[in-house]
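Visitor: I have a model open and want to learn how to read it. Where do we start?

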Amino acid sequence: EAAKEGTDFSKLAVGTSVSCTVNKKKDYGVVCDIDEYSDLLGLITHEHAARQLKEGEKIRATVLDFDKIAGYIDLSMKQDLERTQAEEKVLKVGSNVDAIVQLVHENCLIASIPSLNNAIAFVSFKSMNQQ
């Protein structure tokens, strides 16, 4: 079941931690209810689950992305994505950074950048320089 029409996804920023309840186990991962927002659903793929999860279990997860059309939020339980307070670094055009690909969608990918306090980056395949 998708989120209700008119759901305000801006309530949850990418990279924030949310409290969830595991709703259903699926072949591709688990579907979670977002505890703070009863009209939102989360998806944790097997790659982003820290361990085997049980239906009804309460967990914390990091917001990776929103799919407003399908009405769900991509979540991760990976500890390395938890953000901590760190000195702010500024990127400049032409900077090189190492990134870890977290999710690959049809038209984009989502990556984390460890050197920038695990900032989440979105890369569109339409504008990506593919060689």
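Predicted model: local features only at pLDDT ≥ 70, side-chain atom pairs only at ≥ 80, totals over all residues.

Visitor: What holds strands of a sheet together in general?

Guide: Backbone hydrogen bonds pair them, in either a parallel or an antiparallel sense. Here, take Gly29: its bridge partner in β3 is Thr45.

Visitor: In what order do the 5 strands close into a barrel?

Guide: The order is β1-β2-β3-β5-β4, with mixed pairing. On average, neighbouring strands of this sheet are turned by 50° against each other, ignoring direction.

Visitor: Now the interior. Where do nonpolar side chains tend to go in soluble globular proteins?

Guide: They tend to be buried together. In this model the largest nonpolar core has 16 residues. Cys20, Ile34, Ile44, Ile59 and Leu75 have the most contacts inside it. β1 (17-26), β2 (29-34), β4 (58-67) and β5 (72-76) each supply at least two of the core's residues.

Visitor: Which residues does Leu75 touch, leaving out those up to four places away in sequence?

Guide: Among them are Val18, Cys20, Ile34, Leu43 and Ile44. The list also includes Gly42, His48 and Ala61.

Visitor: Next, cysteines. How many disulfides does the structure hold?

Guide: It holds 0.

Visitor: Is Cys32 buried or exposed?

Guide: Buried: its relative accessible area is 0%.

Methods: Residues numbered from 1 in each chain as written. Heavy atoms only, no water. Core = buried A, V, L, I, M, F, W, Y, C linked by side-chain atoms within 4.5 Å. Buried < 20%, exposed > 50% of the residue type's maximum accessible area, 1.4 Å probe, protein only. Helix = DSSP H or I, 4+ residues; strand = E, 2+ residues; numbered from the N terminus. Contact = heavy atoms within 4.5 Å. Disulfide = S-S within 2.5 Å. Pairing = 2+ DSSP bridges. Axes fitted to C-alpha atoms, helices over the stretch in contact; angles between N-to-C directions.
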